[in-house]
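Colleague: I have not looked at this one before. Can you walk me through it?
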Amino acid sequence: MNFRWKYHPTYLRIKYGFKQVLIPLIVFQFIRTIILPTSFDVVILGILALSYVAITLDWC
């Protein structure tokens, strides 16, 4: 039987490692946005949250 991976195993390791790093970054950025809300902080928080959702829902 010839089985082919949908994604390369190294890509999956990097992707799920990035997912584990994103959670503390999102929490830190959320706290920072609550304390001192600037437009830059809100944009960064949105990008981090969208990245986490994309990885969780397997969009990338």
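Colleague: What follows α2, and is its phi positive or negative?
Modeller: D58 follows α2, and the phi of D58 is positive, near 60°. This is a predicted model, where local features need pLDDT of at least 70, side-chain atom pairs count only at pLDDT 80 or more, and totals for chains, interfaces and linings use all residues. Residues are numbered from 1 along each chain as its sequence is written, and side-chain values use heavy atoms, with hydrogens and water left out.
Colleague: How do you decide what a helix is?
Modeller: Helices are DSSP runs of H or I with at least four residues, numbered from the N terminus.
Colleague: What span should α2 have?
Modeller: Helix α2 covers residues 39-56, so its 18 residues at 1.5 Å a residue should span 26 Å. The expected span is 1.5 Å times one less than the number of residues. The end C-alpha atoms of α2 are 26 Å apart, which agrees.
Colleague: Which residues of α2 are buried?
Modeller: D41, L45, L48, A54 and I55. Buried means under 20% relative accessible area, exposed over 50% and partly exposed in between, with a 1.4 Å probe and protein chains only.
Colleague: What covers them?
Modeller: The cover includes α1, residues 9-35.
Colleague: And Q29, buried or exposed?
Modeller: Q29 lies in helix α1 and is buried, because its relative accessible area is 8%.
Colleague: What does Q29 touch?
Modeller: Leaving out residues up to four places away in sequence, Q29 touches D41, I44, L45 and L48. Contact means heavy atoms within 4.5 Å.
Colleague: Switching to R13, buried or exposed?
Modeller: R13, also in α1, is exposed, because its relative accessible area is 70%.

Notes. Helix = DSSP H or I, 4+ residues; strand = E, 2+ residues; numbered from the N terminus.
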